[in-house]
Amino acid sequence: MKLFKLPVGLFTTFYTSRLFSVMSIFDQFPIELLLLLFSLFTLLFAYTIQRPSTHLLRTQHALLVEDILQHDQFLKLKEYRHHTNDIYDHARRVSYLSFRISKALGMDYQAAARGGLLHDFFLYDWRERKQNDEKRSSHGKEHPFIALENAKTYFSVNSLEEDIITKHMFPKTLALPRYKESVVVSISDKISAIYEYVVRA
């Protein structure tokens, strides 16, 4: 559905405004916060309108990713805490949200679902790693590539899914996403993190 174009556009504006001086007005605190909240609200509104078809969409999503969800190595993500639950829970949420948005916008929703699921496929406690990291930033920049290495070890990963996994931390990782689906997953990751800290805390 076209309903998702507004929140995706708003969130993209929010995250790219700091790169362009002409858009620096969006970096001011009240405007930045309002833009973020409004983009989240419109996303939830669009999601609510689509709810009647939720069961069918959940089934479609499950069929696309069940081989990953049931894999022994991927199930190990349940052992590592992430935000307010575990990495497995977070990855499923990002995958499903990315799938819904991409499907609504006519994008490659299969790649978004699978890349979104594998985006945090690192098998360690990032809190412990961060304690031993003098720069306090290595995990954020390195884990997308660790996730990609693990994904390639256990699953077939195409070039679009590879870009989704390695670029999901944009703008912390400076390389620009090459595909629209990569932007969707990056946004879904941040929305999911906000949801997990605010709603499920």
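**Exercise 1. State where Asn150 lies and which backbone atom its side chain approaches.**

*Solution.* A polar atom of the Asn150 side chain lies 2.7 Å from the backbone oxygen of Phe121. A polar contact is a pair of N or O atoms within 3.5 Å; within protein, one must be able to donate a hydrogen and the other to accept it, and residues adjacent in sequence count only if both atoms are side-chain atoms. The model is predicted: local features need pLDDT of at least 70, side-chain atom pairs count only at pLDDT 80 or more, and totals for chains, interfaces and linings use all residues. Residues are numbered from 1 along each chain as its sequence is written, and side-chain values use heavy atoms, with hydrogens and water left out.

Next, Asn150 is placed in helix H8; helices (H or I, at least four residues) and strands (E, at least two) are DSSP runs, numbered from the N terminus. Asn150 has 16% relative accessibility and therefore counts as buried, where buried means under 20% relative accessible area, exposed over 50%, and partly exposed in between (1.4 Å probe, protein chains only). Finally, residues up to four places away in sequence being set aside, Asn150 touches Phe121, Phe122 and Leu123; contact means heavy atoms within 4.5 Å.

**Exercise 2. Classify the ring pair of Phe99 and Tyr109.**

*Solution.* The structure holds six aromatic pairs. Rings of Phe, Tyr and Trp (its six-membered ring) pair if their centres lie within 6.5 Å; planes under 30 degrees apart count as stacked, over 60 as edge-to-face and the rest as tilted. For Phe99 and Tyr109 the centres are 5.6 Å apart and the planes stand at 80°, so this pair is edge-to-face. Phe99 belongs to helix H5 (residues 87-104) and Tyr109 to helix H6 (residues 109-118), so the pair ties together parts that are 10 residues apart in sequence. Phe99, at 0% relative accessibility, counts as buried, whereas Tyr109, at 32%, counts as partly exposed.

**Exercise 3. Classify the ring pair of Phe121 and Phe155, and locate both residues.**

*Solution.* The ring centres of Phe121 and Phe155 are 6.2 Å apart and the planes are at 45°, so the pair is tilted. Phe121 is in the loop between H6 and helix H7 (126-131), and Phe155 is in the loop between helix H8 (138-154) and helix H9 (159-167); the pair thus links distant parts of the chain, 34 residues apart. Phe121 is buried at 0% relative accessible area, and Phe155 is buried at 10% relative accessibility. Phe121 and Phe155 form one aromatic cluster with Phe74, Tyr88 and Tyr154.

**Exercise 4. Describe the surroundings of Phe74 and the largest nonpolar core.**

*Solution.* Phe74 lies in helix H4 (residues 72-75) and is buried, at 0% relative accessibility. Residues up to four places away in sequence not being counted, Phe74 touches Ile68, Leu69, Tyr88, Ala91, Leu117, Leu118 and Phe121.

A nonpolar core is a set of buried Ala, Val, Leu, Ile, Met, Phe, Trp, Tyr and Cys residues joined through side-chain atoms within 4.5 Å. The largest has 24 residues, and Phe74, Leu117, Leu118, Phe121 and Ile165 have the most contacts inside it. Helix H3 (54-69), H5, H6 and H8 are the elements that give two or more residues to this core.
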